[in-house]
Amino acid sequence: MVELAIKGRQRFILSEVESRLPLPSYTVDTLKYYRERYDDRCSLYFIIGRDAFVEIELWKKYREVLSLSHFIVFSRHGFENSLMPHLLEKLGYIEEKNFWYNPLTTMRIYQPSFAAPEISSSTIRELLGHSPSQVKDILPPSVADYIFYNQLYGTQSTAS
């Protein structure tokens, strides 16, 4: 489905790294793979919602994860923003003008001023099971067609 979603978009490529890593695969494993492969020739950016980022201390080797990649943390509708400064300071970040900076790792955390779309993957799956026509404006048509054709998430093939 990712391949269908990015088809024709030149700035995106599909990576199948995680399908080749030993199971279970964790974020730290994926980031280490890219860091070993590309050294400092490229910067890694991990895009995540604030609701997931505030649980980063629960991730496997979270400090290593934070040392391997910059983060772009989008706000999510209905999620309290006041937790972030305290968490980032606790993690060793210093607030700069447009980002948070960790002097030990040189990694940055950006928090764009615009919010991510106000829909989650679980909401999309729920809509697919109960109101499939509503996802036509949310998902790329090729992805929606694939889901309906393969009857994923409780859809019926006749819904497409």
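A salt bridge here is a side-chain nitrogen of Lys or Arg within 4 Å of a carboxyl oxygen of Asp or Glu. By that rule the count comes to two salt bridges, and we'll get to both of them below. Keep in mind that this is a predicted model, where local features need pLDDT of at least 70 and side-chain atom pairs count only at pLDDT 80 or more, while totals for chains, interfaces and linings use all residues. Residues are numbered from 1 along each chain as its sequence is written, and side-chain values use heavy atoms, with hydrogens and water left out.

Let's begin with the overall layout. The protein has eight helices and five strands, where helices (H or I, at least four residues) and strands (E, at least two) are DSSP runs numbered from the N terminus. Read from the N terminus on, the elements go α-α-α-β-α-α-β-α-β-β-β-α-α. Of the 160 residues in the protein, 30% are buried; buried means under 20% relative accessible area, exposed means over 50%, and partly exposed is in between (1.4 Å probe, protein chains only).

Side chains of opposite charge can pair when their charged atoms come close.

Lys90 counts as partly exposed because its relative accessibility is 48%, and Glu57 is partly exposed at 28%.

What about a charged residue without a partner? Look at Arg50, in helix α4 (residues 50-53). Arg50 is buried yet has no salt bridge, and the nearest side chain of opposite charge, Asp51, is 8.2 Å away. (Lys and Arg count as positive and Asp and Glu as negative; His and the chain ends are not counted.) What the Arg50 side chain does have is a polar contact with the side chain of Gln111, at 3.1 Å. A polar contact is a pair of N or O atoms within 3.5 Å; within protein, one must be able to donate a hydrogen and the other to accept it, and residues adjacent in sequence count only if both atoms are side-chain atoms.

Gln111 also takes us to Asn98: the two are 13 residues apart in sequence and 8.0 Å apart in space, C-alpha to C-alpha. Asn98 is in the loop between β3 (94-95) and β4 (100-101), and it counts as exposed because its relative accessibility is 59%.

Next, follow the chain to helix α8 (residues 141-149), the one that holds Tyr146. Val143, Ala144, Ile147 and Phe148 are buried in α8. Seen down the axis, the buried residues fall within an arc of 135°, so they line one face of the helix; the arc is that of the directions from the helix axis to the C-beta atoms. The face turned away from that buried side carries the exposed residues Pro141 and Tyr149.

Tyr146 itself is partly exposed, at 37% relative accessible area. Together with Met1, Leu4 and Tyr153, Tyr146 forms a nonpolar patch on the surface with about 340 Å² of accessible area. Patches are made of residues with over 30% relative accessible area and no salt bridge, with like charges joined within 9 Å and nonpolar side chains (Val, Leu, Ile, Met, Phe, Trp, Tyr) within 5 Å. The areas come from the Shrake-Rupley method with a 1.4 Å probe, and for residues only the protein chains shown count as cover.

Finally, check the backbone. A cis peptide bond joins Leu23 and Pro24, with omega about -5°, and Pro24 lies in the loop between α2 (17-20) and α3 (27-38). Thr106, in the loop between β4 and β5 (108-110), has a positive phi near 65° without being a glycine. Gln151 is another non-glycine with positive phi, about 50°, and sits in the segment after α8. Thr106 is partly exposed at 42% relative accessible area, and Gln151 is partly exposed at 44%.
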